[in-house]
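Subject: A structure for you to look at

Hi,

Here is the structure I promised to pass on. Have it open while you read, and my notes on what turned up in it follow below.

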Amino acid sequence: MTDSSALDLDPEDRKIVTLARSARARNGVPEGAAVRDETGRTYVAGTVALESLRLSALRTAVAMAVASGAKSLEAAAVVTEADLPAEDLAAVLDLGGAGTTVLVAGPDGAVRETRTV
């Protein structure tokens, strides 16, 4: 990922975009996501599409953080071609609280939108 928008990111934010992009590519799923908790730990996930369970990559990453004991989120990143559903932002808000940054990037890693929930 060498586009200019990625170079403008804080190194920790660039890291979660790269991790999200890698998860998407490695698993061959529509979305990859990564979140960073209050201690700096990262949690990475791809889309879950089972017969009985469907979760976006971002909701899966938030669930992984919660299951690992995270108390809050500093930031989140999702790599997708689709629009971000309200449920994804709600999951980030639930754990991260108001003011948490969500970076939305395309498959090339270029951040196309930065949201604050």
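Helices (H or I, at least four residues) and strands (E, at least two) are DSSP runs, numbered from the N terminus.

Please keep in mind that this is a predicted model, where local features need pLDDT of at least 70 and side-chain atom pairs count only at pLDDT 80 or more, while totals for chains, interfaces and linings use all residues. Residues are numbered from 1 along each chain as its sequence is written, and side-chain values use heavy atoms, leaving out hydrogens and water.

Let's start with strand E1 (32-37). Six of its six residues are buried. On one side these are Gly 32, Ala 34 and Arg 36, and on the other Ala 33, Val 35 and Asp 37, so both faces of E1 are covered.

(Two strands pair if DSSP finds at least two bridges between them.) With E2 the pairing is antiparallel over five bridges, and Ala 34 stands opposite Val 44. Four residues separate E1 and E2 in a hairpin, and Gly 40 in its turn has a positive phi of about 95 degrees. With E5, E1 pairs in the antiparallel sense over six bridges; here Val 35 has Ala 76 as its bridge partner.

Now the whole sheet. It is open and has five strands in the order E2-E1-E5-E6-E7, with mixed pairing. E2 (42-46) and E7 (111-116) stand at the edges with a single partner strand each, so one side of each has no neighbour in the sheet.

Helix H3 (residues 57-67) lies across E1, E2, E5 and E6. Helix H4 (residues 86-96) lies across E5, E6 and E7.

Finally, have a look at Asp 88 in helix H4. Asp 88 is buried, with a relative accessible area of 0%. A polar contact (N or O atoms within 3.5 Å; within protein, one able to donate a hydrogen and the other to accept it, and residues adjacent in sequence counting only if both atoms are side-chain atoms) of 2.7 Å joins its side chain to that of Ser 56.

Best wishes

Notes
Contact = heavy atoms within 4.5 Å. Axes fitted to C-alpha atoms, helices over the stretch in contact; angles between N-to-C directions. Buried < 20%, exposed > 50% of the residue type's maximum accessible area, 1.4 Å probe, protein only.
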